Amino acid sequence: MKQMVELTVNGEKKRIYVRPAATLLNTLREELGLTGAKPGCENGDCGACTINFDGRPMKSCLTLSIEAVDHQVTTIEGLIDTPIQQAFVKQFAFQCGYCTSGFIMNCHALAELYPNANEYQIKDWLQSNICRCTGYEEIEAAITEVLKNKAIEDTPS
Amino acid sequence: MIGKSVPRKEGNNKVTGAAKYTNDFSVAGLLHAKLLTSPHAHATIKSIDVREAKKCPGVRAIVTGVDYPILTGSAIEDRPILALEKVRYFGEPIAVVVADTEYEAQNACTFIKVEYEILPVVNTVEEALEGKHPLVHEEFKNYTQVKELRPDPTRNVSNHVTVRKGNINEGRTLSDITVEIDVSFPQSDHAAMETRSVRAEILPSGEVYLHSSSQAPFTIKQSIGKYFNINENKVIVHTPLVGGAFGGKAAIQLELIAYAASKAVGGKLVTLTNTREDDMVSSPVHIGMSANVKLGATNQGELIMAEIKFLFDSGAYVDEASDITTTAALNCTGPYKINHVWCDSYCVYTNHPYSTSFRGYGHSELGFAIERAMEILANKLKIDPMELRIKNAIKPGDTTPSQAPLTKGNIGNTAKCLERVKELINWEEGQVVPISDRIIKAKGISSLWKTSMSPTNASTGAIITFNKDGTMNLNVGVVEMGQGTKTTLTQLLAESMKVDESKIHVKMEVDTQTSPRHWKTVASTATFMAGNAVLEAAEDAKRQLKNNAAYALRCKPEELEVGEARVYLKSNPKSNVNVKDVAHGYKYENGNAVGSLVIGHGSFMMNHLTKKDPQTGKGVPGPAWTVGAQAVEVEFDTKTFFYKITKAVTVLDVGKVINPKGARGQVTGAMCMGLSWASREGFTFDENGIVLNNQFRTYKTIRYNENPKYIVEFLETPQSDGPYGARGLGEHGVIGMPAALANSLSAAAGVPINQLPIVPESIWRQKRGGVYDINKF
Ligand code: FES
Ligand code: FES
């Protein structure tokens, strides 16, 4: 049976009815119309469904909607003109765009949490997503650019 | 505008989650369909009992094969919409359940009872050719052939293509030296990130609406019309942005099931989206191949003859596989001049998932075979593999294996591509260089070529309309699936109209009711075909603008020129009028209006293509050949046989680069896909023909940072009939990668590696005969 839950998505409180078994991915897409997070495997393998959960990247296909109660969920629709979005456009870091929301949410969390991430950390994080169109070169350019600028910003002058 | 890295027109929508794909849609009342698929690769269906399933909550209808006893297929009608009487591959759709929600449909699937009688499986092309019984298609002789095929049904062969050029006996006699190799790779998957998705609705007016993540909306229209006996005019297909396709979305499959599902619920709107598991095996896959190649040459390294046999694994149904079999045969030698060529190319049924087009369309497959043979020939001749390739590179004046004449206008410069690759990969330092006591650096190279085999009358069109402010709307029937064609076409129009590309709004979605018919978005032909149509439409629009402007400027249209959003007198540009003031006719100050609304239209049709001769293959299969050369550098661990792909090089003769960053992205993306295929992709079948790796957990693709450093350069030998000289380039980066990787690893390991995918274990098997010897570590 569906239950009413209150979720906080992109800073807005939303009261919705969900099945206990409904994944956050399905709820976001079907109940809230936030289709930026994509199903690519619904098995935790591809990262297309990545959202931020209290600021950390999370695969929404592996998260139950009810687990999100009392947490902050951010989807790609909640990011507006962030450096990583701009960098993705500028660096041509996507083609079909299907993996893009997931990659951006992952990169965004990385840049926020670990602005000084080293190459190994970047690799470790970004390997949880698959892009089938690009050869990853442009995605690397985008995240590197954002982290570099962030490091400059964060350096006290 | 040409030569400028214009960011994608739809870019901002894609980085904000606003871009909509087929499955990003829901509405109250939308019904959901799910497939029940076969757990066996070959079995007779004795009965299907849906009674329990029908009682499940939310279920509205269940459709099985007997409801639509129709056979379908683009080359031969061999494939039922849902399995009929027997299943021929693991994952074959058997039934579709329509329910209020997806999980209810899924749940009901588990209550359908199917009784099978298991049959022996045809698990390899070799077994198939031996005529193993029961045949995959016992009823073959009753099937309707749509294209011209040469089948041998008793041996599971759906098409046998022969190429006969020169005289093979003479070739054998003239050859001082011959080499022979066998190569093979299993079927694999396109694995586009968006799984295939369709939505269907049938209105009381009889109109059928489909939304599909497809490369071929106009073919869907045709197929629905044909198989369900509906007037094609009533079928309207929409294709929004597509999340990657790579050839896999040109086949028509789910659309037919979705139509049947909608029909079963009185025409209500039904959506059907593949799970990843279904997308990998139930829907069509990338072809597999076994090949035998014999090359003959003089002692000086001049190629004399090629004798080639391709066995393509079409899986259970033919779909595009028969044409891939043909293309591979007609271009079997790769970009080398060889006077005596025999090729026998077979399209073979097995109890595997069925194969359709894949990026490269036969050329990466033939390339792997030929380029491995070239390497072995070079070794045997003790000639540098690079020199051997340069020496034999095909040129204008030569002919292809199908005897198509090559000219300056229809082929680029292969030798020059090779020369440049030689520099970029630092070939001079040596093919194999030890860098520590256990790590070896090794390089491998490959040439490539590709033509775009299309129907001899493939066509397309473009329509340009104007907004009040003089900006333009561009409408073409090409699907945007990530290749960036819509942006490229915008650039071509901007160049022709001499305006900034921001002044052009290009329609992303294809709507078969309003977009001009475009054959299919395949074969890297969109820029070439639609590009020409756009340029013609631009000329048409300019002509009409000049007619209107002639009233305003009181002159003859011929005295006018269009550019920078103005129409001006050639002799005196100061005398001009804004495009926006003449795009909708012209209004004099007193209010009188003259002229007409400007609607530019243009079209393009392939020409000079000819059908092939059934015996010799003689004919002109495609409009031009794009050529290139590639290289790979690996670091190989001689103890564990692990390797890292450190560098990959492509030099491609693309005629003209329209969007440099976009073009590079297409090429590096394709290189990545080629390396991923060659190094880790491929279906693993058990002895019963069951695919063991139909999800990303077990089917690995290259991930972030596993990619090499890319080096990409373009040559610009213009294609005479390409828009501003441009050729297609979307597929080519794939083509030489498997061979270049295999050549590098064969050199590094010192054993011939002729099977894909090349994983450390397969090198170990080759090197140690599969024996674990502790002393060797
Ligand atoms: S859809 Fe969640 S990881 Fe693939
Ligand atoms: S852009 Fe298509 S999957 Fe990444």
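Biologist: How do α10(B) and α18(B) lie relative to each other?

Modeller: This is a predicted model, where local features need pLDDT of at least 70, side-chain atom pairs count only at pLDDT 80 or more, and totals for chains, interfaces and linings use all residues. The axes of α10 (residues 363-381) and α18 (residues 737-749) of chain B come within 8 Å and cross at roughly 30°; axes are lines fitted to C-alpha atoms, for helices over the stretch in contact, with angles from 0 to 180 degrees between N-to-C directions. Angles under 35 degrees count as roughly parallel, over 145 as roughly antiparallel, 65 to 115 as roughly perpendicular and the rest as oblique. So α10(B) and α18(B) are roughly parallel.

Biologist: Which residues of α18(B) does α10(B) meet?

Modeller: Contact means heavy atoms within 4.5 Å. On the α10(B) side you'll find G367(B), F368(B), E371(B), R372(B) and E375(B). Their partners in α18(B) are P738(B), A739(B), A742(B), N743(B) and S746(B).

Biologist: How many helices and strands does chain B have?

Modeller: We take DSSP runs numbered from the N terminus: helices are H or I with at least four residues, strands are E with at least two. By that count, chain B has 19 helices and 36 strands.

Biologist: Is V125(B) buried or exposed?

Modeller: V125(B) sits in helix α4 of chain B, and apart from residues up to four places away in sequence it touches S290(B), L311(B), F312(B), D313(B), V348(B) and T350(B). Buried means under 20% relative accessible area, exposed over 50%, and partly exposed in between, using a 1.4 Å probe and protein chains only. At 5% relative accessibility, V125(B) therefore counts as buried.

Biologist: How far apart in space are P134(B) and P120(B)?

Modeller: P134(B) is in the loop between α4 (125-129) and β10 (144-145) of chain B. Residues are numbered from 1 along each chain as its sequence is written, chains are lettered from A and ligands numbered from 1 in the order written, and side-chain values use heavy atoms, leaving out hydrogens and water. The two prolines, P134(B) and P120(B), are 14 residues apart in sequence, and C-alpha to C-alpha their separation is 7.1 Å.
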